[in-house]
Amino acid sequence: MTTIPPLCLSVYSENQVGVLSRLTAAFTRRNINIESLVVSSSDLDGVHRFTVQVCIPFAKAQRIALHLERQIDILAAEVHVPERTWIRELGLYRLPASVTDDPAFSAAIAPTGARLVHQDQMGVLLELTDTPAAHFVLQQALRPWPLLDMARTGALALDLQANRVRAAVREMLVPSNPAQFDDSGGAAVG
Amino acid sequence: MNAPTSGLLAELSAAATISPRISGAEAIVRGLLAEGVDLCFGYPGGAIMPLYDALFGFSEQLQHVLSRHEQGAIHAAQGYARATGRVGVAIATSGPGATNLVTGLADAFADSTPVVCIVGQVPSHLLGTDAFQETDVINITSPITKWNTQVTRAQDIPAAIAKAFYVARSGRPGPVLLDITKDAQQAFCAFTYQPCTAVRGHVIPGLPSRARLAEAAGMINRAHRPMIIAGQGVVLSGGHAALLQLAERTGVPVAWTLLGLDAFPSTHPLSLGMVGMHGRYAPNLKTAECDLLIAIGMRFDDRVTGDASQFAKQARIIHIERDPAELGKIIQPTVPLLGDARGVLEALLPMLEARDHAAWRASFYALDALEEDRVIQRDLRPQTGQLRMGEVVRALSDETAGRALIVTDVGQHQMAAARYCRFEAPTTSITSGGLGTMGFALPAAIGAKLGAPERTVIAIIGDGGFQMNQQELGMLLDTGAAVKIVILNNQFLGMVRQWQALFYESRYAQTEMRNPDFVRLAGAYGVPGLCVPTREDLPGAIAAMLACPGPFLLDVRVEREANVFPMVPAGAATASMLLEAP
């Protein structure tokens, strides 16, 4: 059982076959378990965004981010500082239709913020978009009733401050001249 | 590095206009030619047969050397790349052909060697069906390639070739693998070739900021006990002259890593020798005394640092490195300088003051004398007993004035060569450093010799390592490449035996080797040779080998249970280096 709180990395990549394999290999070779992984297209042209949630120290995650940026089809990677990161995850929960006959059910889910989004004779579908901790609370609240199925997306993370990495990815869409002094003052390492 | 040749490119493009549709296999060949490739190594098989058929038609423009095992092909391509600075090319079929490349890919990845491997794959409609000789080579090789991709359409081949060569040679070089399905090789496409000049996301660092450079220069100018450790980044960037100039101006003495053996002239007054587990005594101990360590194009490998928490912990550290992932990975630098070693050194030079550091340099001499007395005399000038590895490699080095290209395998002989050969010029050393691949030297030396036929190429190999890829004598049979092979034969896996002796109570588990007659074995491949059983036989045998116009093999019988010293015990601090067994 892990005692290190989870943190999230956002990884921006080309939409190419094999990127996921290289990304997960960076964690596998260090014997790090990925707690959740989300991938989708981003608002940047042709750029996909992975959100990886892992339970490792921040400094170690930063080393992995640098390792990931070494990959040809990975454009940039960043570790989100937990204190300034908005983390949400979508979950769907299916229960028997009969639960709606139980007044305790409505009372149990009301404080969790879960919404009843579908109902028929096959069952009811609850949806919750909230933190991983809130999903845990909901799962505890649903314990008195049989949970037929459940699916969660995994954590999505957005930085609440100006995102340096997003800006860097944007700049990559413009050809640069590599034979210059970097006097921008913004270089992280050099 | 070989860049696309514009004239040839224009010619090929013109040819493509006349005959616009060619097979994918021919597109591979034309792509290789456009990248300036005139020599490749490989081994045919079912899924790569269309490419071999196309190569048959271009044999005058593109020479193919047949290895006897795919591992030999990629090591030869590595040797070629490191001897020439160009991209090496290896070709193999799918399944076992591709998996036999894995060790070479890992080796090239560890040592930043630019190679492009082209492997066949089952037809695209059979992908994922466990078809004959189908392996998931993309997933197998992802962790050990700089980039890889599968190509399933003929029209995608030219762009894949162009990107492969660009990625292999640019930034920190490395291996690339292209997995091309058989149907893509057989299908037809219009051929136009555009060299790749950039890949977004693959950012090539320029130079650090002027402020950062000035900060580093100030540290160098103010240092009292500075030392340099030069690594392969100096070699890859062609920064030899800049390093020499910097050292001579500042008076800072220079040590080097195993892959930086030829970064600085061995006999220069400022040279300190190799650092690391079996390096020189003085520079290893002095890493714990220097006040400034300038690490140039090296990555603080554990064989260099020993216990990293103790390594140069009193010193301020300037780390010049082109791969941002290496900065701070093992040792946190005081001033990181991200960029190509040569470019950064040249940018620093105008900011540096002339210094001497004579007293600091003199402080190394007592330690050198101690090592000379306790280790070097015994290794180079033994009075009795069998030949020692050190005296053999020093004799080879002396006979070639430190200018031969020495290719070593892995083990005791490698450390003896690193310690006692003199490397007086750039590109005089090729070895398997990061991965430590036994079996590397013979095929790598063949590739090096074919790439640089004007050079004297000497492969120094242990008897264990030689037998890992001895079948590549077949490449010598085919090509007649004048590789000089020196087997330092102690009938043991010497380095493992040494550790067994020192740390496992001399329980020699499976390290004693019963060897074939290497001279007769070489003779079977048309390679003449001599056995060198005694010290008195050595000079004549070396002379005969160097005088022979073709390949030649020496089976040198060396002391069976000699150990390589000094030695930093694994995981210990460099300052605890041992001059002899405890």
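A salt bridge is a side-chain nitrogen of Lys or Arg within 4 Å of a carboxyl oxygen of Asp or Glu. This is a predicted model, in which local features need pLDDT of at least 70 and side-chain atom pairs count only at pLDDT 80 or more, while totals for chains, interfaces and linings use all residues. Residues are numbered from 1 along each chain as its sequence is written, chains are lettered from A in the order in which they are written, and side-chain values use heavy atoms, with hydrogens and water left out.

**Exercise 1.** Determine which residues are linked with A:Arg70 in a network of salt bridges, and locate the two partners of the salt bridge between B:Lys163 and A:Asp73.

*Solution.* The network that holds A:Arg70 also contains B:Arg172, B:Asp323, B:Glu326 and B:Lys329. Turning to the pair, B:Lys163 and A:Asp73 have their closest N and O atoms 3.2 Å apart. B:Lys163 lies in helix α8 (residues 157-169) of chain B and A:Asp73 in the loop between α2 and β4 of chain A, so the pair joins two chains; helices (H or I, at least four residues) and strands (E, at least two) are DSSP runs, numbered from the N terminus. Both B:Lys163 and A:Asp73 are buried, where buried means under 20% relative accessible area, exposed over 50% and partly exposed in between, with a 1.4 Å probe and protein chains only.

**Exercise 2.** Work out which strands of the open sheet of 4 strands in chain A stand at the edges.

*Solution.* The order is β2-β3-β1-β4, with antiparallel pairing, and two strands pair if DSSP finds at least two bridges between them. Strands β2 (34-41) and β4 (74-79) each have a single partner strand, so one side of each is left without a neighbour in the sheet. The partner β1 (residues 7-14) is joined to β4(A) by 5 bridges, and A:Ser10 stands opposite A:Glu78 in β4(A).
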